[in-house]
Protein chains: 2
Amino acid sequence: MTQLLRVQNFTVSNDGFGAGDGQSLETPFGHADPRELMGWAVSTASFPNRTGPGGSRGLEDYFTRDFAHGIGAEIMGAHKFSPYRGPWADHEWRGWWGDVPPFHTPVFVMTHHLRPSFALADTTFHFTDDQPAVVLERARAAAGGQDVRLGGGATIIRSFLDADLVDTLHVAVHPGELGSGARLWESPDELADRFHLEVVTGPTSGVRHHLFWRR
Amino acid sequence: MTQLLRVQNFTVSNDGFGAGDGQSLETPFGHADPRELMGWAVSTASFPNRTGPGGSRGLEDYFTRDFAHGIGAEIMGAHKFSPYRGPWADHEWRGWWGDVPPFHTPVFVMTHHLRPSFALADTTFHFTDDQPAVVLERARAAAGGQDVRLGGGATIIRSFLDADLVDTLHVAVHPGELGSGARLWESPDELADRFHLEVVTGPTSGVRHHLFWRR
């Protein structure tokens with residue numbers, strides 16, 4: 001079995017931004033409102049962070065239900081892990097996700113500011129300043145034969161696309177515009193030469209789901 | 001966690017038939033051509049019976065990928081299990097699926113013609129003439145806390161719908177007509193009073209995927 005590198009449930013604005021400007025502890029997505037951007041996912045029954053019952057079980061529940069399915073490791077960028085820039089003053093920060101992060105696998109955080117690995121529940125965070133191909137090799141080795149999820153943000157996904165390491169991408173395009181921020185693309189057409197593409201629209205959300213797989 | 005009863009990837013013709021007339025050993029779907037009816041699923045990378053590489057990874061791959069996900073048991077009708085009618089002459093027949101059936105769980109076959117349980121690889125077939133509610137209770141107990149898949153055919157799905165035991169249904173509607181056979185519905189509207197419904201069309205296949213979940 002090939003171990004794929006998969007982008008799962010990554011959401012961008014209609015103008016291609018995965019997050020706004022000005023990320024901080026209070027605004028993890030900068031000037032973007034994550035409740036709006038990610039609303040299509042939050043409303044589903046299988047959203048990983050859902051605590052109560054209810055939620056829709058239509059098209060978009062297939063996407064959130066698939067988030068962890070067959071995934072043995074995640075690779076993420078420094079800004080997905082933390083709002084801080086520069087060297088660590090201490091190691092108090094352990095991510096945005098509380099005591100039980102929604103990953104449940106090894107996670108490789110790509111950063112110039114290394115720190116020791118640590119575990120939170122069944123998620124273990126590792127920190128690396130290696131190149132994408134090397135990080136992917138490490139993540140595959142840690143994934144127990146399963147696929148690797150490329151968790152974002154936009155900059156990290158771009159760097160793996162530039163190195164032609166990505167096998168499948170699900171990118172949800174929210175109808176709103178952000179104007180600036182971390183850009184994934186000018187247009188989905190940029191990937192047309194290397195990937196098959198199917199687009200389906202959420203009947204309730206109006207979000208356009210772009211499903212790419214390698215040609 | 002609630003254990004749902006789920007119909008997964010069940011395909012009907014545009015006029016509502018899950019199989020044609022005249023099932024036999026050579027024609028498991030009667031006068032319907034399963035390569036046509038199920039073409040949308042067979043062409044995906046995750047189709048359970050796929051033996052080679054390749055296959056699409058767009059919308060419809062999410063459906064086939066989800067076939068076994070979170071499922072701990074299946075309930076099926078006698079005609080899904082076998083082309084034979086009436087009492088068993090012997091117990092040579094062990095299903096259509098060869099030595100490794102694609103279920104990998106306990107399977108409960110609803111039939112008036114009982115025979116002893118048997119295992120094939122990691123699938124165990126049980127035979128029961130109980131009512132739907134009782135069979136569901138047994139399947140839930142066997143499912144190890146996971147959901148139960150209602151595998152069809154159309155007659156069995158109707159009997160569980162009539163008893164209001166079904167929680168979610170994915171019914172793929174192929175554009176072709178069959179004219180006669182085992183009918184699931186006159187129209188999907190019949191379920192509108194009890195279920196939410198989203199419909200999405202396969203961009204390549206033209207198959208309309210109906211996703212129902214209980215109100």
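Predicted model: local features only at pLDDT ≥ 70, side-chain atom pairs only at ≥ 80, totals over all residues.
Residues are numbered from 1 along each chain as its sequence is written, and chains are lettered from A and ligands numbered from 1 in the order in which they are written.

**Inside the sheet.** Next select β3 of chain A, residues 71-77: seven of its seven residues are buried, so this strand is largely enclosed by the rest of the structure. A residue is buried if 20 or more other C-beta atoms, placed from the backbone, lie within 10 Å of its own, exposed if 12 or fewer do, and partly exposed in between. On one hand, β3(A) pairs in the parallel sense with β7 (residues 147-150) of chain A over four bridges, where A:A73 has A:V148 as its bridge partner. On the other, four bridges join β3(A) to the parallel strand β4 (residues 106-110) of chain A, and A:G77 stands opposite A:M110 there.

Moving to β10(A), you will find it paired with β11 (residues 208-214) of chain A in the antiparallel sense over seven bridges; select A:E198 to see its bridge partner in β11(A), A:L211.

**The whole of chain A.** Zooming out, chain A has six helices and eleven strands. Its C-alpha trace spans about 45 × 40 × 35 Å along the principal axes, and buried residues make up 42% of its 215 residues.

**Across to chain B.** Now show both chains: chain B can be laid on chain A with an RMSD of 0.0 Å by a turn of 180° and a shift of 0.0 Å along the axis, the superposition being by least squares on the C-alpha atoms of residues with pLDDT of at least 70 in both copies. The two copies are thus related as by a two-fold rotation axis. Select B:Y62, the residue of chain B that comes closest to this axis, at 3.3 Å (C-alpha).

Then select the interface, where 17 residues of chain B are in contact with 16 residues of chain A, contact meaning C-beta atoms, placed from the backbone, within 7 Å. On the side of chain B that touches chain A, two or more residues come from each of α3 (59-65), β10 (195-201) and β11 (208-214) of chain B, and β10(B) gives the most, with four residues.

**A last stop.** Finally, select B:G153, in the loop between β7 (147-150) and α6 (154-162) of chain B. B:G153 counts as buried, with 22 C-beta neighbours inside 10 Å. Not counting residues up to four places away in sequence, B:G153 touches B:G18, B:A19, B:G77, B:H79, B:K80 and B:A182.

Conventions:
Pairing = 2+ DSSP bridges. Contact = placed C-beta atoms within 7 Å.
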